[in-house]
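We'll hop from stop to stop, and at each one I'll say what to pick and what you'll find.

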Amino acid sequence: MLQEESDLSLIIAQIVQKLKGSNLYSQLERQAWASLQRPEIKLESLKEDIKEFFKISGWEKKLQNAVYSELSVFPLPSHPAAPPEHLKEPLVYMRKAQGSWEKRILKSLNSMCTELSIPLARKRPVGEQKELLNKWNEMGTDEPDLSLFRPVYAPKDFLEVLINLRNPNYENGDSLSFRTHLGLIQVPLKVKDIPELKECFVELGLNIGQLGIDDSTQVPPELFENEHVRIGQKVLAEQDSAAAQQYIRQGSPTALRAELWALILNISSQPEDVLYYEQLKTNVIQHDLLVDSLIYKDVKLTASNDDYYFVFEDYLYQVLLCFSRDTSVLSHFAYNSASPPKSYIRGKLGLEEYAVFYPPNVAPLCFLYHEPSKLYQIFREMYVRFFFRLHSISSHPSGIVSLCLLFETLLQTYLPQLFYHLREIGAQPLRISFKWMVRAFSGYLATDQLLLLWDRILGYNSLEILAVLAAAVFAFRAVNLMEVTSLAAAEAVLADLSTLKVMPLLQIFLFATVT
Amino acid sequence: MSVQTIRNVFSVETGYRLSDDQIVNHFPNHYELTRKDLMVKNIKRYRKELEKEGSPLAEKDENGKYLYLDFVPVTYMLPADYNLFVEEFRKSPSSTWIMKPCGKAQGKGIFLINKLSQIKKWSRDSKTSSFVSQSNKEAYVISLYINNPLLIGGRKFDLRLYVLVSTYRPLRCYMYKLGFCRFCTVKYTPSTSELDNMFVHLTNVAIQKHGEDYNHIHGGKWTVSNLRLYLESTRGKEVTSKLFDEIHWIIVQSLKAVAPVMNNDKHCFECYGYDIIIDDKLKPWLIEVNASPSLTSSTANDRILKYNLINDTLNIAVPNGEIPDCKWNKSPPKEVLGNYEILFDEELAQGDGADRELRSRQGQSLGPRAGRSRDSGRAVLTTWK
């Protein structure tokens, strides 16, 4: 008991520390000072009165939300003697692997620089700055020559690195038993199996209403949907983050989604945030980074050609370019196993730059938010909480390594015939599903289905559902897959996911498959 | 059959008569709806008739604008209404107007003006000395340009919806669920310097195809369900449903307007392409109706869509894949509807309107409520609205 208590006080101290530096703190202070004017605050019972005032005016709720979001984000404090690297990533071999992966990327980036004789970062001349400012909303139409730029890495390169991860302390034993893992990932991390997943995802059960299933045309709305919408509106009125997170596990109605996500991620549009965004924009205009061209090329290749997202091409540029200069994202590196390499603008102050991340998935968010600074905030928060784990090597249960392992284990345990067959024809399932998971299915599913899936990611605060969905897709197309005889054919069977309905698949796989 | 052939088939001179087992895909005088000038004329006439009858549909607000029937932008025929147009123009001199030739398609011959002198110049250039002697083919309409269209990603777009009409009296029409939006490749700007840039203003694929940013993979098109998702997420469910209700309302009203003059030949059915633009107050405007909507496809998705469209259309018009008999009652069973849903069925509406109260979402008639509201009062209309 004592240990728990001291842990708790440690957590509290940490959170208080963090919040003291935040905007909310100064706002609360201001409010407290302002409230002294109010008639109900008396000097004798100052503390209680102010607390009461906070409760009524909704500020307490905001504080609650902030604490809740810190709790969800921050990892639990570990042993006080542990070094800071340990907080990032407890397993040494993982840290090493991430370090060498980063070195590789950086080397590739640098060699591209010297090849094309373009500096990694440079300050733009004034004329160019003006031009970019004018074109800020229309960057999609600009067509600089990008043919010489190669993307720095592709998902399969990353997959190769993950496959080669080995724990030096683990001895697999020479004899092959039926417990041997036949998949690509050979790292012994703990992953959940179906009974555990069922417990974890209990709200997805068969007898609980879901959006994505129970709002289809056959079901009369009185049964579930209307009630659900009503509860959603109530949650929003209360502005309670924790309740919102619980609520969204059953899916979010389209009209409420934008606000619900903002509530869960604890983002409110303060003028300071808009200002911050403008500042980033200025940064983009003043300095030109090599990364920009890579971003530009990638967006052109992917989003511009996509049926759903081509409309938002210009928003994507704006957000991604700003993101690559956002230093506040650095705070998340405390619990990310990656670390940013440093680069310096010629002679000027050291602007920390990112390792070239695989451009994350902004496009679906454009469906929800059409104001650039809010869009940017939501995107940044989602990246910092979830999506960064898809691009770095770590042992976190939501990290890409664990997801891959979870996927393979699920498949091997519950669809052994399929798994074995695919392996025999040289089509290891992970090779196909990796690209889905690393992009959180963005660009593969229909947008409304994707948004339903991301609702659950937010609701459960974990990415494990991506692996479960990948396994469910394989289960769904199992019959066809059993008949193919090559990797190419297997890929063809799984090439088009745009007609899939996410929630029924998940429900069937978790709760209705005979194990 | 093409429009040309239809004209021949039904013309009085040839004396050609369709036999009972022949069905054609155009109504003989479809141009009442599909020519821009005639459509406007018919709608104006329909409105006046309703006003004379004292129907609540023709109610006007304090500015004299129709409350429920104002869905076509102010339009005048040129040369006939030139003076009326000038009067209107002078009332709001900073407005932009769009000139469209009556009989052409695919965006041909369209241009924008914002000064009277530009029209005068055009009439001079087309080598006629006065406005009087213009043959029918060169007639133009001039409409108030909607310069505040709803923009998504900064771009203008319009909606193309397919509506199948199997008979006009009683009116029976079906709306295809998979319409699409066509986007411009260039960002929209209402500035006068770009009035000549057709890539900004005209959404026809035939025009946008030649733009330098045209993308062959998605063709600048979105499905209507995508649009709905976007609008629901960013603007809320009620206004989105209201918008789509209004769009259905417009289509039904326009068909009702031409129903009396349409030659309701029982050998005929027709599939129209409706072009609708939404402005930034989420009000839909009917731009035009096409009799031969383009059935060529610009992308792979497009091809699938058009294939299904043709398939479903034929399933409704000619049921069971048998040799058709034009005397049948034109009431296809629900299963063959495919991706169509009943938009309005006059027979059903006049039947048991009462227990159609439940809004069944299986694509049942959106119509019966409109049917009832025609005879009942204002209160019902507002629920429809």
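With which side chain does the side chain of D37(B) make a polar contact? Select R35(B): the two side chains meet at 3.0 Å. A polar contact here is a pair of N or O atoms within 3.5 Å; within protein, one must be able to donate a hydrogen and the other to accept it, and residues adjacent in sequence count only if both atoms are side-chain atoms.

A quick word on ground rules. This is a predicted model, where local features need pLDDT of at least 70 and side-chain atom pairs count only at pLDDT 80 or more, while totals for chains, interfaces and linings use all residues. Residues are numbered from 1 along each chain as its sequence is written, chains are lettered from A and ligands numbered from 1 in the order in which they are written, and side-chain values use heavy atoms, leaving out hydrogens and water.

Stay on D37(B), which sits in helix α3 (residues 36–53) of chain B; helices (H or I, at least four residues) and strands (E, at least two) are DSSP runs, numbered from the N terminus. D37(B) is buried, at 7% relative accessible area; buried means under 20% (1.4 Å probe, protein chains only). Now show M77(B), C102(B) and V141(B), which D37(B) touches, not counting residues up to four places away in sequence. Contact means heavy atoms within 4.5 Å.

Next, select F85(B) and W97(B). Their ring centres are 5.0 Å apart and the planes lie at 85°, so call this pair edge-to-face. Rings of Phe, Tyr and Trp (its six-membered ring) pair if their centres lie within 6.5 Å, and planes over 60 degrees apart count as edge-to-face. Both residues are buried.

Now colour strand β10 (residues 270–278) of chain B. Nine of its nine residues are buried, so the rest of the structure largely encloses β10(B). On one side, strand β6 (residues 155–167) of chain B runs antiparallel to β10(B), joined by seven bridges; pick V163(B) and its bridge partner Y272(B). Strands pair if DSSP finds at least two bridges between them. β10(B) also pairs antiparallel with strand β11 (residues 284–290) of chain B, over six bridges, and D275(B) has E288(B) as its bridge partner there.

Last stop: the β10(B)–β11(B) hairpin, with five residues between the strands, where L282(B) takes a positive phi near 60°.

Terms used:
Phe/Tyr/Trp six-rings, centres within 6.5 Å; stacked < 30°, edge-to-face > 60°. Buried < 20%, exposed > 50% of the residue type's maximum accessible area, 1.4 Å probe, protein only.
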